[in-house]
Amino acid sequence: MTSPRIGLALGGGGARGLSHIPVLQAFDELGIKPHAISGASIGAIMGAAYASGLSGLEIETVALDTFGERNKVLSSLWQLRPRKWSQMFSGSLIQFDPMTVLDLFVSKHLPDDFADLGIPLAVIAADYYSCSEVVLDTGPLLPAIAASIAIPAVFRPIERDGKVLIDGGVVNPLPFDALTKTCDLIVAVDVVGAPVPREGKVLPSAFDSLFGASQILMQTITREKLKSRHPDLLLRPADDSVKVLDFFQTRTILENAAPLKELAKHEIEKLLKMADTGSFHNSNTRQQ
């Protein structure tokens, strides 16, 4: 009997998306290769890295190397600032080009095209003007990821195929429904989190309000979707105080998310055993 084909959905959530890494390590230690992967926002980056052949441990090493030296990262970001005042401001906010950010931090770890990935990948973006979800799974890889991570107010939108695309998390922050129908089982990892107050403050700043509102939106979308559709296994890291752009806390995020690896291994093994014995029923979704 062949093993069930597992689809893996990696959700959006900014820096909390580093919590995807222990789940990827769980797949490695179980010796299981996902049949397909879908990802939104930070989940698109993690999904692309894993689908390209990097192990969970290698992705962790890249994350620590990338964000381990604060001054080095800040220096790199300063070099990426727009050179013209007319490009620097959109409304009243400075926005980065997501393609140049990806070129600096992750492009050397990823292939050029979806066709070069070892695992099929679906990347989620939002069509800004049609207010609709776009699933990208063919063609150049980096522009698709750039569209998926284009968080409003942080990154400029991406133009692709006549569409203006922004962060996939605003339309489908947990894209398990974007996985191919050939998947027998679906594991989804929700890393959105919730707004948290800063120490000594009750009211959020304008910046915190912007990202907190995005988290509330994504939480609402996922909650409504789960009323009618369910992954076979839903994993979430423990609640924490990590904010959307807290990438300088990479080491702490990974340490706090470490228990998710053993939990994922245990629950995936349980899923496979139930599927093997025929006692599995999709309606009995287990949420962790």
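**Helices and aromatic pairs in a predicted model**

Good morning. I begin with helix 2, residues 42-51: 10 of its 10 residues are buried, so the helix is largely enclosed by the rest of the structure. Please keep in mind that this is a predicted model. The buried residues of helix 2 are Ile42, Gly43, Ala44, Ile45, Met46, Gly47, Ala48, Ala49, Tyr50 and Ala51. Following this helix comes Gly53, which has a positive phi near 115°.

I turn now to a pair of helices. Two packed helices are described by the angle between their axes and by the distance between those axes. Here the pair is helix 1, residues 20-30, and helix 3, residues 56-67; their axes come within 8 Å and cross at roughly 155°. An angle over 145 degrees counts as roughly antiparallel, and helix 1 and helix 3 are therefore roughly antiparallel to each other.

Which residues in helix 1 and helix 3 meet? On the helix 1 side they are Ile21, Leu24, Gln25 and Asp28, and on the helix 3 side Gly56, Leu57, Ile59, Glu60 and Ala63. Sorted by class, this contact has five nonpolar, two polar and two charged residues.

My last topic is the aromatic rings. With ring centres required to lie within 6.5 Å, the count comes to four aromatic pairs. In one of them, the rings of Tyr128 and Tyr129 have centres 5.0 Å apart and planes at 85°, so this pair is edge-to-face. Tyr128 is partly exposed, at 47% relative accessible area, whereas Tyr129 counts as exposed, at 64%.

Phe207 and Phe211 also form an edge-to-face pair, with 4.8 Å from centre to centre and 85° between the planes. Where do Phe207 and Phe211 lie? Both are in helix 8, residues 206-225, and they are four residues apart, about one turn of the helix. Is Phe211 buried or exposed? Its relative accessibility is 7%, under the 20% limit, so Phe211 counts as buried. Phe207, by contrast, is partly exposed, with a relative accessible area of 45%.

Finally, Phe67, Phe105 and Phe247 form one aromatic cluster. Thank you for your attention.

How values were computed: Residues are numbered from 1 along each chain as its sequence is written. This is a predicted model: local features need pLDDT of at least 70, side-chain atom pairs count only at pLDDT 80 or more; totals for chains, interfaces and linings use all residues. Side-chain values use heavy atoms; hydrogens and water are left out. Axes are lines fitted to C-alpha atoms, for helices over the stretch in contact, and angles run from 0 to 180 degrees between N-to-C directions. Helices (H or I, at least four residues) and strands (E, at least two) are DSSP runs, numbered from the N terminus. Angles under 35 degrees count as roughly parallel, over 145 as roughly antiparallel, 65 to 115 as roughly perpendicular and the rest as oblique. Contact means heavy atoms within 4.5 Å. Ala, Val, Leu, Ile, Met, Phe, Trp, Tyr, Cys and Pro count as nonpolar, Asp, Glu, Lys and Arg as charged, and the others, Gly among them, as polar. Rings of Phe, Tyr and Trp (its six-membered ring) pair if their centres lie within 6.5 Å; planes under 30 degrees apart count as stacked, over 60 as edge-to-face and the rest as tilted. Buried means under 20% relative accessible area, exposed over 50%, partly exposed in between (1.4 Å probe, protein chains only).
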